[in-house]
Amino acid sequence: MRKLRNLTASVALAAGLMLFSTSPASAAIGWGDSFETAEVMYSSVAQNSSYSATVRLDSMSDNDFYVVDNTNGTSEITYSVIATPPANFDIVMGVIKMNASGAILSIQMDNWNGPGYAEAISWNAKPGEKVYFRIMDNGINNYNEPYTITFKRTS
Ligand SMILES: [Ca+2]
Ligand SMILES: [Ca+2]
């Protein structure tokens, strides 16, 4: 009986993990809440050419962190990142670049465009650098509807 219960528990756990990994749209609470748990859009180990996620901020104070990680890269990469909010929602995209030892090289808060319009940047990451993207609610109640963030490597 005990064995059966353990089996049931692990099947349920596996199903839960599968659901989580294949359904980013359902993820909100706990998704990319800090630098340490940033969602990886690019890493110099995997060298993927694109990434996309459609998720929602779960509260006014929620943050979703994403990272372009060229820590172990041997050459500079260039790319574009576009964060598109739901219609009538206004989001801010913070962009934080760090060097290999974690020192902050630059910080900017991109909020060029109003409700319903994307915030976008085309930039680079030199070998050893990491660039974090922090999606936030601008003002009040710009959460609980999914936004889409995409990364595309351009060179
Ligand atoms: Ca979050
Ligand atoms: Ca905005």
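Reader: Why does Asp 69 count as buried?

Author: Because Asp 69 has 20 C-beta neighbours inside 10 Å. A residue is called buried if 20 or more other C-beta atoms lie within 10 Å of its own, exposed if 12 or fewer, and partly exposed in between, with C-beta atoms placed from the backbone. This is a predicted model, where local features need pLDDT of at least 70, side-chain atom pairs count only at pLDDT 80 or more, and totals for chains, interfaces and linings use all residues. Residues are numbered from 1 along each chain as its sequence is written, and chains are lettered from A and ligands numbered from 1 in the order in which they are written.

Reader: What does Asp 69 touch, leaving out residues up to four places away in sequence?

Author: Val 40, Tyr 42, Ser 43, Ser 44 and Lys 130. Contact here is C-beta atoms, placed from the backbone, within 7 Å.

Reader: Which strand is Asp 69 in?

Author: β3, residues 63–69. Strands are DSSP runs of E, at least two residues, numbered from the N terminus. Of the seven residues in β3, five are buried.

Reader: Which sheet does β3 belong to?

Author: An open one of five strands, in the order β1-β3-β8-β5-β6, with mixed pairing. Two strands pair if DSSP finds at least two bridges between them. β1 (39–43) and β6 (104–110) are at the edges with a single partner strand each, so one side of each has no neighbour in the sheet. The twist from one strand to the next averages 15°, using lines fitted to C-alpha atoms as axes and angles from 0 to 180 degrees between N-to-C directions.

Reader: Parallel or antiparallel for β1 with β3?

Author: Parallel, over four bridges. Tyr 42 has Val 68 of β3 as its bridge partner. β3 and β8 (130–137) run antiparallel, joined by seven bridges, and Val 67 is bridged to Tyr 132 there.

Reader: Changing topic: what is the strand order in the four-stranded sheet?

Author: β2-β9-β4-β7, an open sheet with antiparallel pairing. β2 (50–55) and β7 (119–125) are the edge strands, each pairing on one side only. Neighbouring strands are turned by 10° against each other on average, direction ignored.

Reader: How many bridges between β4 and β7?

Author: Seven, with β4 covering residues 77–84. Tyr 79 has Trp 123 in β7 as its bridge partner.

Note on methods:
Two residues are in contact if their C-beta atoms, placed from the backbone, lie within 7 Å.
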